[in-house]
Amino acid sequence: MKDIQISKLIKAEKERQKKVINLIASENVVSKDVLEALGSEFTNKYAEGYPGKRYYGGQTYTDKIEILAQERALKLFGLSKDKWHVNVQPLSGSPANLAVYVGLLPSDGTGKIMGMSLSHGGHLTHGHKVSATGKFWKQIPYGVDPKTEVINYDEIKKLAIVEKPNIIVCGFTAYPRTVDFKKFKEIAYSVVLADGTHPILMCDMSHFAGLVAGKQYPSPFEYADVVTTTVHKTLRGPRSALIFVRKDKVVKDKKTGKEQSFADLIDKAVFPGLQGGPHMNQIAAVAVALKEADTSAFKKYAVQVKKNASALAKELARLGWYVVSAGTDSHLVLVDVWMFGVKNEKGAGAITGSEASDLLEKAGIIVNKNTIPGETRSAFDPSGIRLGSAAETTRGKKEKDFVLIAQKIDKVLRSK
Ligand SMILES: Cc1ncc(COP(=O)(O)O)c(C=O)c1O
């Protein structure tokens with residue numbers, strides 16, 4: 001590379017990534033093939049529109065790439081082309097979720113998104129007020145049970161019946177446990193909206209998509225109407241997102257009475273609604289990652305991701321740390337470090353999430369500070385840290401390594 005400044009920074013970042021233990025739950029380490037596709041000549045190509053319906057010439061190969069990405073996405077999750085449509089163009093997870101709402105929710109200020117509140121593990125785009133999704137639509141937040149720290153489906157059902165949301169979002173950014181998608185479907189069916197329909201059930205499987213692909217986490221596809229996912233977390237692909245939607249789902253236009261499919265409405269919301277030209281290099285890289293995830297090696301990886309997270313959670317708990325929900329069923333472990341003192345001679349409030357994250361970074365362990373259910377501190381300096389096993393499992397670490405990582409975390413945090 002001729003640009004010495006940038007080249008130096010790329011090298012430095014590469015070295016940084018090599019040196020640290022990366023426990024950021026939303027990150028991973030992609031293959032050389034994914035990087036090669038990202039850096040390919042598809043970067044140069046404008047391809048506004050969809051395969052066969054583009055606004056620019058020269059689409060012979062872009063169409064092939066996009067169709068391959070679609071086919072591989074459906075195959076990976078065992079979906080039939082007759083029943084499911086997939087849009088592979090969203091630039092990332094947040095625009096993907098926004099596109100679903102733009103396509104399917106009322107735009108007159110009456111729309112309601114029922115999603116998990118941020119402090120309990122939901123994502124900003126599940127209707128939180130600082131996100132566009134909470135400005136254009138009203139969030140009906142649900143949380144976890146204060147005692148068990150897991151989802152209480154009866155409470156969500158009661159709230160849904162009263163609030164009648166247009167869409168119920170399940171899937172999270174900091175919830176370590178599995179989700180009962182059947183129960184969410186029953187909740188959606190228990191609500192009847194003014195037009196006689198039920199709320200749409202959307203699953204945002206961004207965090208656990210790789211585990212679903214590797215059959216280590218329940219699949220939402222049997223129950224959800226729409227499934228969104230980022231590609232860059234446990235799925236181990238480039239930064240990007242996918243929207244899966246059932247082909248038989250339709251909406252009746254209030255004025256004309258004409259039926260429009262969810263799939264058409266979402267496609268239109270992605271382009272031209274929210275985006276211009278798709279990033280074709282990114283879509284090429286998505287296709288590569290989806291093929292990689294459709295292998296027995298990836299299934300083994302998903303098994304190991306879960307085993308490693310479980311080993312990490314168990315060892316931290318054994319050492320006296322407060323593991324939220326008392327464990328994990330996924331790649332993710334949430335630790336209330338502020339609570340540490342309760343079981344420790346230092347007394348409650350010995351260390352905050354920010355302090356923990358900073359201390360660990362100095363010791364070469366990268367985590368993120370995180371709110372915990374029922375947070376009593378601020379989002380900027382919360383009580384918890386979120387840990388994930390996806391990246392270090394890609395680098396070959398096993399349970400015994402994660403036990404050692406837990407012991408190192410314990411030592412570093414006790415040194416405060
Ligand atoms: C559940 C969930 N949905 C959506 C997103 C948004 O993805 P992006 O950062 O690619 O916009 C995230 C990101 O962390 C997430 O955890």
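A: In this predicted model, domain 1 and domain 2 bury about 2200 Å² between them, and 57% of that area lies on carbon and sulfur atoms. Interface size is often expressed in this way, as the accessible area lost when the parts come together. The two partners are set by the domain assignment of the protein, which places domain 1 at 38-293 and domain 2 at 296-414. Taken over C-alpha atoms, the centres of domain 1 and domain 2 are 28 Å apart. In terms of residues, 27 from domain 1 are in contact with 27 from domain 2.

As for charged pairs, the rule finds one salt bridge across the interface of domain 1 and domain 2. A salt bridge joins the side chains of Asp-329 and Arg-177, with an N to O distance of 2.8 Å.

On the side of domain 1 that touches domain 2, helix H8 (209-213) and helix H10 (280-293) each supply at least two residues. H8 gives the largest share of that side, with three residues. Sorted by class, the side of domain 1 that touches domain 2 consists of 12 nonpolar, 10 polar and five charged residues.

Methods:
Residues are numbered from 1 along each chain as its sequence is written. This is a predicted model: local features need pLDDT of at least 70, side-chain atom pairs count only at pLDDT 80 or more; totals for chains, interfaces and linings use all residues. Side-chain values use heavy atoms; hydrogens and water are left out. Domain bounds come from an automatic or database domain assignment. Contact means heavy atoms within 4.5 Å. Buried area is the accessible area (1.4 Å probe) that two parts lose on being put together, summed over both. A salt bridge is a side-chain nitrogen of Lys or Arg within 4 Å of a carboxyl oxygen of Asp or Glu. Helices (H or I, at least four residues) and strands (E, at least two) are DSSP runs, numbered from the N terminus. Ala, Val, Leu, Ile, Met, Phe, Trp, Tyr, Cys and Pro count as nonpolar, Asp, Glu, Lys and Arg as charged, and the others, Gly among them, as polar.
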